[in-house]
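Have a look at the sequence and the fold first, and then read on.

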Amino acid sequence: MSVKKLDFSSRGWGRVYLLSVLGTLGCIAVAFAIDSYSFEAGVWRWGSDPWNNLFIPLVLVFPLFVLLLSGRWRSPTIN
């Protein structure tokens with residue numbers, strides 16, 4: 001039984017998926033950090049609705065990273 005490895009070459013989709021997941025997790029972390037700090041009290045706390053910090057980056061950022069990293073965004077301009 002052979003194990004299929006992800007292709008991390010410049011033309012492989014493994015790189016696109018890995019960087020998209022890492023970028024999305026980074027955006028989720030930044031969203032939680034910005035929303036969780038209270039400037040009035042100067043303390044860290046959960047935001048008013050922490051689910052927004054998770055779902056909005058998942059819905060918006062992951063497809064954007066896939067689009068930008070896949071090369072389809074710049075391919076019409078290279079001709």
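The report below takes the helices in turn, then a few residues and a surface patch.

## Helix 1

Please keep in mind that this is a predicted model. Helix 1 covers residues 13-36. Its 24 residues reach 34 Å from the first C-alpha to the last, close to the 34 Å expected at 1.5 Å a residue.

Which residues of helix 1 are buried? They are Gly 14, Val 16, Ser 20, Gly 23, Thr 24, Ile 28, Ala 31 and Ser 36. These buried residues pack against strand 1 (37-38), strand 2 (43-44) and helix 2.

## Helix 2

Helix 2 runs over residues 50-69, and its 20 residues should span 28 Å at 1.5 Å a residue. After the helix comes Gly 71, with a positive phi near 90 degrees.

The buried residues here are Asn 53, Pro 57, Val 61 and Val 66, and they pack against helix 1.

Is Asn 53 buried or exposed? Asn 53, which sits in helix 2, has a relative accessible area of 8%. Because buried means under 20%, Asn 53 counts as buried. If neighbours within four places in sequence are left aside, the contacts of Asn 53 are Ile 28, Ala 31, Phe 32 and Asp 35. Among these, Ile 28 and Ala 31 are themselves listed as buried in helix 1.

Trp 51 is another residue of helix 2. With a relative accessible area of 53%, Trp 51 is exposed, because the cut-off for that word is over 50%. Trp 51 and Phe 32 are 19 residues apart along the chain, and their C-alpha atoms are separated by 9.6 Å.

Which residues make the nonpolar surface patch? Phe 8, Leu 18, Leu 19, Val 21, Leu 22 and Leu 25 form it, over an area of about 540 Å². One of them, Leu 25, belongs to helix 1.

Note on methods: Residues are numbered from 1 along each chain as its sequence is written. This is a predicted model: local features need pLDDT of at least 70, side-chain atom pairs count only at pLDDT 80 or more; totals for chains, interfaces and linings use all residues. Side-chain values use heavy atoms; hydrogens and water are left out. Patches are made of residues with over 30% relative accessible area and no salt bridge: like charges are joined within 9 Å, nonpolar side chains (Val, Leu, Ile, Met, Phe, Trp, Tyr) within 5 Å. Accessible areas come from the Shrake-Rupley method with a 1.4 Å probe; for residues, only the protein chains shown count as cover. A salt bridge is a side-chain nitrogen of Lys or Arg within 4 Å of a carboxyl oxygen of Asp or Glu. Helices (H or I, at least four residues) and strands (E, at least two) are DSSP runs, numbered from the N terminus. The expected span of a helix is 1.5 Å times one less than its number of residues. Buried means under 20% relative accessible area, exposed over 50%, partly exposed in between (1.4 Å probe, protein chains only). Contact means heavy atoms within 4.5 Å.
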